[in-house]
Every structure is written in structure tokens, then in C-alpha cells.
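Colleague: Walk me through this one, please. I would like to know how to read its confidence, its domains and its helix packing.

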Amino acid sequence: MIKSKFTTVEAIMLVLTIFLTPSILSMPKNLIDTTRSSILINIVYVTIIAIFIAILIYRLLKNFPSYDIIDISEYLGGKCFKSIIGTIFILYFLISSSILLRNFCECLKMVYYPMTSVVFIILAFIIATCLSSKLEFSTAVKVNVIVLPLLVISVLFIFFANIKNFSFENVFPILGEGVYNTFIIGLGNLGAFLGIIILYFLPPYLKKPEDMKKIAITTTIIAGIYILFCVSIILFMFRFLLNVDEVMPLYYTTRYIEFGDFFQRLESFFLFIWILVLTSFVTINIKLSMDIFKKLTNAKNISPMVYSFGLIIFAIAIFPKDYAVSKFIESTLYSYWTFGISFALGIGILIFANLKKRKNAHLPKQKEVLEANE
Amino acid sequence: MNNLLKKFFIIILIIVFLIAFSSSYQSSNIGNVAVVVAMGFDISDTNNLNITFQFTNASSVSDTGSSEKTEPTLFSIDAPSISSAINLMNTNIGKEVNLSHCKLIVFSEELASRGIEEEIYTLSNNPDVRPSANIVVSKSTAKTYIENSKPTLDNLITKYYETFVNSSQFTGYNSNATIGDFFYSMTCDACEPYAMLGGISSQNSSSLSNSSSPTDNTIKSTFNPASGQYISENTGLAVFKGSTFVGELNEIENLCFMIVNNKLSGFLVSIPNPLKNDSFIDVYMTPVLNTKVDAKIVNDSPFISIDCNFSGRVYSIDESVNYSDIDTLKQISNSCNSYLESILSDYLYKTSKELNADINKLGKFIRKNFLTESDYQNYNWSSKYKDTFFDIDVDCSIKSSFLLTRT
């Protein structure tokens, strides 16, 4: 039984955290890579598809009120299947946190702590997130309601502060790498909406489960608009970023923000906001993993598991030999894996569970008809 | 017992973090860094890089740090690359070189002509180097240029480097060329980089005094008629093709560059006086609208139309002229139009036919004629720029003079 219940606004912020946090790393650049100058069309296109997917997930979840994907897996395939699915999702949350953490810490190291091993920077994050995860989930979500708007404001600020550096002509050639790349290969950019995964877990947390549809659609639209802003900054500002790989493209653009001689070097301010957002992101992932673990094991007190999950994240984060490996995992493996779990696995389970439910619903009726005939 | 263990664990963690982060703190501590405010790149006798670092007192990097005049210190070093030069410098001065306040990067003409791709990539890759650092190609050696770059009206060299390009917005005779923009243009497929053209005035003072009086068509760094305490000059523009220096623009061409790029808030220009033969009048022009650029492809050649719109006021007035008379103002406006059209046309054809370097980023306007990136790449803008035709339309509206409207 889940103790923490969230209001609709808290739930929207929670989902958006999972949606938006990867944007502070190389996600916007990865999105542009496949389509180049047609990225804006592509983002509008994939946002529309993501909205349909969100509605589909809502429809499929509707038949299981207050059930999350773990409960539905149990209904579909029994306890063993539930354990497998639960473990996959726990791994997903922990690995996604680790990769993001590693890449972000590499950037922090490069900019501010050149002489410090990245292990210690990651460790500082792990300790902070473990301590915040010891608190109630609702506390973490309430803090997130304050932190997440800062991320959105920071990106909007980058957009408007850099508008003097924009060349809107960079949107041409309008079809970028061609129709096929924009609309077919560009479907891979649905990976930007990996936050959809959290919709599978949301129903038991909602104070008003009837707002699920509103949450699903609102978050997807906001995420779409936000991603549009992120990629626009890079596309309009630096066409060369299409050819050059940057560690953190958004961070790179913050270095150009200057207001006269007085307001300069604002990038540290943005990094500070992003540190808060990343901490919130990892905390939410640990809390979700703990709730899944609780469901799998029926343990009464899982509080000490915080440290175990923290250690797992730490171990995975320091596992890649260097930044090149962790970047490869983030841009390639992670996005494919996300696709598989967010869309294929999640929707697959929901569809089969709905079919099973429909079949079971027909069975009593068929029995009644048979009995009446006899 | 449990509580004790927790406290012990916390103390251990604090110690670990103190040790881990102290090295980074130490390396960036103001007492342990040598603050570089300018860097110069020359070619040494051994064909290596000769890099000049201009250091300043760490407390004088900001206005609030100190108001006393502090003399910067110069060090030069021969090294095969920037990184090794920095390493050698770290060893020699016993401090870590910090480039986060480096405001000026100077390349000698000789090195720039050889190509500065490696240096630009290395500097852009350095997290300390600000993209707003100005980039100069010096007609003299970079070391001489930096040696002679001294603030005359400011106390601080850092303040001087912050503000010495500010006049570009209202004169148009130099440009605020930054390394960020240089790197962008160097890697961009629709433009070419540029840098400020620097030099030392004293070198050519004798030749200038012998020559006829300079006009704005001839003035550029080292051919500058100004005299006084200042020695270094920053007038005109250094044009690059890729990473190689290919030519220079004088101050009037620099003004045209600024007009096409919409980087001017106003400028003073001497135009032929329509009311008196063989004389000029000075008009202060302000842009009414941003310069409009439209690019088409006609018979496989780029055709670029440029529309400029200015309003102006007559600065230098003549005797017995009514500057509130509509006909007089119309004549001056027409003279202004034809003069600006002529210099803009000369400038644009010079960049295309002579230099083949699209420093105005006009390539971005041609992209709308293509549907896909591959079509655009196949067109190969950088080689087609030399075939470009320009249509320039300038619309000046002279309002009147300033305080006196009739003499």
C-alpha cells in the first residue's frame, strides 16, 4: 500500500522531472543529430505522437484504477512475472540515474574541480540523494515542485538572454536531412519522452486518480514545448554545434550570456540550478525503486534499502572507464533501452492485461448464457 | 554505540571530502594562479610557436579590485603547442596560468597567414577561455602589439581590454571580433571568420607624413593618421578563409561589414557634397530598420539583395546653405544613397571576388533555397560565393543638420 499521495500539480512536476532532466546533458544535441535543421518540425511531430502514446497509456491504465504496472504485471503473469518486470524497472531507474549523474559530474569536474577525482563528486551527490531519500516521498515531491520550475525558468532565460545571438535562418533547409530522416528515422527522437515511463507508476500515488488523463496530456505537451526551446537554442545559436560535439550543449550556450560589462559569467548560476534538479531526479528515482522493491518483497521496513540503492547507483556511475564510454551509453544504449522499456515493454504489458481482463469479463457472461440454454 | 558509529562515519566522510576537494580549491585559489589578461602568438625562429603571456596582479582584474595603476608583466616562451607553453610557464613562474580573465588573443600576421586552426580549437576547448575574448591579427608581431597595448585613459589594463572595442558600435571602424564567433565561423558551412586588425602606429608615422592626407578608404591599422600617447591600433578587419588569413579591410570596408551585419547604432560618414564640387560633408547616420538580406539562386549563381534604411543629420555645415530646405536635403540624401551603395558594392565584391570569404554570413540566407542539407552541401556555398551578384539598395533620409539649420 502506497502511503504518499500527490496532488495533481505535484504529480505533473514529478513526471516533468523525469521528462526534462536529461535535457541538461547531451539530449538536445542527440535529438538534432538525426534530423539537423528540420529538428523543430521533428519535435512537433514526435510530440504529437507522444501525446497519442500518453493517451493510449491512460486508456490502458483506466481499466485498472489505482494499479501500477507492477500490480498489472502480477495480474497478467503472476508473482514471478511481477518480480521480473519489477526488477527491470528498478534497474532502469537506477541505471538512468547513474548515467546522468556520471555525465553531469564529469562536466562539473571539467569546469570546477579539475584536480578532484570524479568519484568524489559522484559520492557527494550520492550522499545528498541518500539523505533526501530517507525522508518521505511526498517531501521529495514537494521540494521538486520548487526545484523543477527553476529548471524551466533557466532554459527560458537562456533562450531569451541569447536571442541576440540567434540566426533564425538556421532553420533552413527546412527538411534537414530529408523527409525520411525527419519523419521515419526521426521517430527515434521519441526517446526524449522517456519520462512517459513514470505514468505506469502514477495511479496509486494520485489523490485524484480521475486527473490521470489531464496529467498525461499536460506533461507531454509541456515536455514537448520545453524540448522545442532546448533544441531551438542550439539550432538558432550555433549551427556549428551540429558538427562539433559539446559536453553539455546548454551549458556551452550559457557562456555567451552577458549583460554589459557587469553581468557576466552567469553559467555557474545555471550549474547550481541543475545540481538541484539532478539531485531531485535521482531522489525520485530512488524513491520509485524503493516502492517497487517494497511491492516485490512485501517488506515492512525498506528504509535501509536507500543506502543499497545509493551504492548501486554509485557503482554503476563509476563503472564506465571514461567519459567517452558513459557518453556512448547515454546517447546510444540508454536511448534504445529506454525505448524498449518505456514503450514496448510497458505498453505491451498493458495491452495484454487489458485483453486478459476483457476475456475474463466475457467468461462469466458466456457461463450465464450456457446455463440459460441448458 | 550506533550513534557513535554514525558520528565516526560522518567525521571520516568530512575528512575524505576535505582531502578530495582541497586540491581543486588550491589550484583555483587566487593566491596560486597567475592571471593572464592577454596572449600573443608568433612564429619563433625555430618554426615553433612563440607565445607571449601578459599577466596582471590578481587583484586588478576587476574595477573593484584596485584603483591603482598596476603594470602588467610579459613573459614569452617558445613551445610546439599552447598546452606545452602553459606547462612551461607554470614551471617558470611557480604558479598555475589561469586564462579565465584573458580578454585579448593576438596572432601575428605571419602565423595567421599560415593558419591558426589548431590554436583556435585548443583555445575553444579550454573551459577557462571566455568566448567573449577578443581576437586580433597584428600587423607587427603579437608580442610587440601586446607590449604596446597600454591604457591611456584607464588605470587598469583589464578595464582597457574590456572597453577598447566599445567604440565599434558608433564608429564602425573596428569590430568586436571574439574567439567564440571566430570558432563558430570557422566550423560553420555558411560563413568565414574574421578578426580585428591590429598594429603599431609608430612604425609608419614617417611614411604617413610623407604620403597624401589619408581618407577613410585607406585608413587601417598601421596606416592610421592618429598620433598621441597610444601606440597600438585596432582599425579595420582581418579576413580569414577557413583558418587562414587572406586579406584586410580598411575602416570604410569595416563600416560596410558592420552595416550588413546590423552591428551599428550609428556612424559618421563623409559623402561627396552635392552642393559644392570637390568637397565632402559629414553626415551622422542611424539605421532606421535592420539591413534586409534576401538571397536567391539565378542560373546557378547566388544573387543577393541588400536593403539598408538610414536616417541622417548633417554634421559639417557650409556657409549660406539652408539645411531645412526640402530640395537641399533631397540632394544630400541622394548623394548619401549613391555613396553608400557604391562603397557597399565595392566591399561586397571585394569579399566575394577578391577574398572569396563570406564574413557576413550571407550563406545562411541562401539556405532557404534548398530543401535538404544534402542539396545545400552539394551546392558548396563556400566555393560559389565568388560567383555571387549583389543588388544593393540604400535608402537614406536626411532630416536636417543638428543645432543650426540655416547659415
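**Confidence, domains, helix packing**

Modeller: Chain B has an average pLDDT of 83, and 86% of its residues score at least 70. pLDDT is the predictor's confidence in each residue, from 0 to 100. This is a predicted model: local features need pLDDT of at least 70, side-chain atom pairs count only at pLDDT 80 or more, and totals for chains, interfaces and linings use all residues. Residues are numbered from 1 along each chain as its sequence is written, and chains are lettered from A and ligands numbered from 1 in the order in which they are written.

Colleague: Where in chain B does pLDDT stay under 50?

Modeller: Over residues 203–211 of chain B. For that stretch the model has eight contacts beyond four places in sequence. Two residues are in contact if their C-beta atoms, placed from the backbone, lie within 7 Å. For the complex, the predictor gives an ipTM of 0.82 and a pTM of 0.87.

Colleague: How is chain B divided into domains?

Modeller: Domain bounds come from an automatic or database domain assignment. Here, domain 1 of chain B spans 1–252 and domain 2 spans 266–407. In chain B, 15 residues of domain 1 are in contact with 15 residues of domain 2.

Colleague: Which element of chain B gives the most to the side of domain 1 that touches domain 2?

Modeller: Strand 8 of chain B, with three residues. Helices (H or I, at least four residues) and strands (E, at least two) are DSSP runs, numbered from the N terminus. Helix 7 (168–171), strand 8 (232–241) and strand 9 (244–249) of chain B each supply at least two residues to that side of domain 1.

Colleague: Now the helices. What describes a packed pair?

Modeller: The angle between the two axes and the distance between them. Axes are lines fitted to C-alpha atoms, for helices over the stretch in contact, and angles run from 0 to 180 degrees between N-to-C directions. In chain A, helix 4 (residues 69–111) and helix 5 (residues 118–133) pack at about 120°, with axes 9 Å apart. Helix 4 and helix 5 of chain A are therefore oblique to each other. Angles under 35 degrees count as roughly parallel, over 145 as roughly antiparallel, 65 to 115 as roughly perpendicular and the rest as oblique.

Colleague: Which residues meet there, in helix 4 and helix 5 of chain A?

Modeller: From helix 4 of chain A, they include Leu101(A), Cys105(A) and Leu108(A); from helix 5 of chain A, they include Ile121(A) and Phe125(A).

Colleague: At what angle do helix 4 and helix 10 of chain A cross?

Modeller: Roughly 155°, and the axes of helix 4 and helix 10 (residues 267–297) of chain A come within 9 Å. That makes helix 4 of chain A roughly antiparallel to helix 10 of chain A.
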